[in-house]
Amino acid sequence: NRFKVGYVEQWRHPKAPDSVPTSPRLIVPTSKNSYIARDTRQNLTDTEKRYSKSKVGNVHIFNLSALWKSDKPVFIVEGEIDAMSICDVGGEAVGIGSTSMVNKLLETIQSAKQKPEQPLIIAFDNDKAGQDATAKLSEGLEKLNVLYFVYNIAKPYNDTNEFLMQDRQGLLDKVKAVNLNPEQAIYSESNVYSHLQEFLDGIADSVNTPYIPTGFKALDSVLDGGFYEGLYIIGAISSLGKTTLAMQICDNIANSGNDVLMFSLEMARSELMAKSISRLTLLDILQNGGDTRNAKTARGITTGSRWLRYSPIEKELIQRAAETYGTYARNIYIHEGIGNIGTAQIRQIVGNHIRITGKKPLVLVDYLQILAPEDVRATDKQNTDKAVTELKRISRDFKIPVFAVSSFNRENYKTAVSFSSFKESGAIEYSSDVLIGLQLKGAGEKGFDAETAKARNLREIEVVILKNRNGETGKKLEFKYYPMFNYFEEIGIPQKQTRL
């Protein structure tokens with residue numbers, strides 16, 4: 001009643017031709033001559049999603065008059081429904097419509113004859129766009145000398161409407177505290193007691209989302225069972241198998257029933273699939289006593305002309321490997337990109353995956369240094385540092401493991417792996433939870449010949465745990481690496497030590 005919200009079961013944009021199909025819409029007025037028409041259906045096609053929120057009339061900010069008429073602090077949120085969610089539990093809020101409207105809000109305040117009498121509470125969505133808009137609005141309000149606070153009131157939810165739907169009393173309590181004393185309410189959020197129940201709830205929730213084993217017993221032993229929420233980074237010199245090992249781990253995880261989101265920034269989807277099937281041809285032979293000469297390389301699988309020369313036994317081997325891959329391939333999602341996928345896109349895709357499937361995935365980024373830059377004017381180091389920080393934030397916000405592949409500096413091709421091996425970034429060392437380096441066995445020792453060691457068909461690889469925030473560090477795990485067939489085999493399983 002207050003905001004004159006309505007509903008039209010068969011709505012069509014007033015400027016659309018009669019041939020455009022109608023849809024059920026929630027009608028939210030933003031002024032006397034404009035409104036937002038929101039599609040109320042749950043399952044929409046991609047095209048329908050593009051037009052799920054239609055604006056009619058000139059663009060206006062929702063409930064703008066509250067800036068000057070309110071007798072309580074005014075929340076500044078993104079959506080109109082987010083604003084009504086705050087009002088519904090006794091607060092006051094303005095919905096700017098989208099983060100692109102920050103400038104319009106600042107211009108409106110600047111042109112007004114008086115400043116808002118009540119403090120403004122910036123409470124945009126808990127995502128990258130919301131964070132950027134918060135910084136922009138904060139800077140503008142500083143220049144206008146308007147009293148404001150930044151309060152991520154919806155956390156751990158994405159926005160205030162989601163908070164209202166999941167925990168009405170929780171939102172009501174927070175809004176009530178802000179109404180009484182905004183500065184005290186927001187500062188109290190840093191008090192540990194305020195997060196104690198959330199902490200305990202998180203422990204209870206983790207029973208249903210335990211660690212994810214990598215499929216390598218030696219590595220799992222060092223990692224205290226496998227992957228947890230956090231940022232894991234693996235690095236090596238070129239052609240030493242860092243992508244292959246990361247992919248084999250992802251295949252193991254998918255085979256255990258967990259979802260994997262792969263962001264391949266260098267290799268095509270078909271190449272990654274061929275590497276997995278190639279590995280499975282070798283495994284089939286090793287497990288069933290066949291002839292290893294029949295195992296197939298990735299190129300041997302994807303090159304159609306070679307199939308004419310394959311024997312029935314070879315073709316059957318490839319078919320069995322493909323069928324085995326098919327038993328868990330439905331848990332693997334590969335997103336290709338060359339220079340056009342950055343951390344913002346990764347965050348969005350991860351959020352969509354969780355919303356659509358209901359499953360939290362492990363995320364693989366291959367590889368770190370060729371993510372789309374955050375700022376094209378910044379240095380490679382600055383962009384890599386920013387990417388590492390954002391990947392860490394994604395792991396924390398979604399409570400998932402993020403696994404990133406990194407290149408090494410050229411001077412580390414003959415030396416043993418170390419923190420300084422990782423290219424263009426000090427953030428890799430400081431922000432990662434687990435840092436793993438791959439090296440040829442004997443690297444850094446007197447008389448070591450890297451080229452000879454790399455030329456072998458069966459290489460001896462050491463996986464070095466350089467950093468492990470919650471476990472053992474300095475551990476070296478030995479693997480055999482079959483580069484032709486994209487396969488790593490661990491050698492020995494270390495006995496887990498009791499640490500006091």
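Let me start at the end of a helix: α11 is followed by Gly 257, whose phi is positive, near 100°. Helices here are DSSP runs of H or I, at least four residues, numbered from the N terminus.

A word on the source. This is a predicted model, where local features need pLDDT of at least 70 and side-chain atom pairs count only at pLDDT 80 or more, while totals for chains, interfaces and linings use all residues. Residues are numbered from 1 along each chain as its sequence is written, and side-chain values use heavy atoms, with hydrogens and water left out.

Back to α11. Twelve of the 14 residues are buried, among them Leu 245, Met 247, Ile 249 and Cys 250. Buried means under 20% relative accessible area, exposed over 50%, and partly exposed in between, with a 1.4 Å probe and protein chains only.

Now the cores. A nonpolar core is a set of buried Ala, Val, Leu, Ile, Met, Phe, Trp, Tyr and Cys residues joined through side-chain atoms within 4.5 Å. In the largest, of 87 residues, those touching the most other members are Phe 227, Met 262, Ile 346, Val 363, Leu 391, Phe 403 and Leu 438. The most to this core comes from α11, with seven residues. Apart from it lies another core, of 24 residues, including Phe 3 and Val 178.

Take Val 363. Leaving aside neighbours within four places in sequence, its contacts (heavy atoms within 4.5 Å) include Leu 261, Phe 263, Ile 346 and Phe 403.

Last, charges. The whole structure has 22 salt bridges, each a side-chain nitrogen of Lys or Arg within 4 Å of a carboxyl oxygen of Asp or Glu. Arg 320 forms one with Asp 284, the closest N and O atoms being 3.0 Å apart. That pair links distant parts of the chain, 36 residues apart: Arg 320 sits in helix α14 and Asp 284 in helix α12. Arg 320 is partly exposed at 37% relative accessibility, whereas Asp 284 is buried at 13%.

Asp 291 pairs with Arg 293 in a salt bridge, with closest N and O atoms 2.9 Å apart. Asp 291 is partly exposed at 31%, and Arg 293 is exposed at 70%. Finally, a network of salt bridges links Arg 25, Asp 39, Arg 41 and Glu 48.

Methods: Helices (H or I, at least four residues) and strands (E, at least two) are DSSP runs, numbered from the N terminus.
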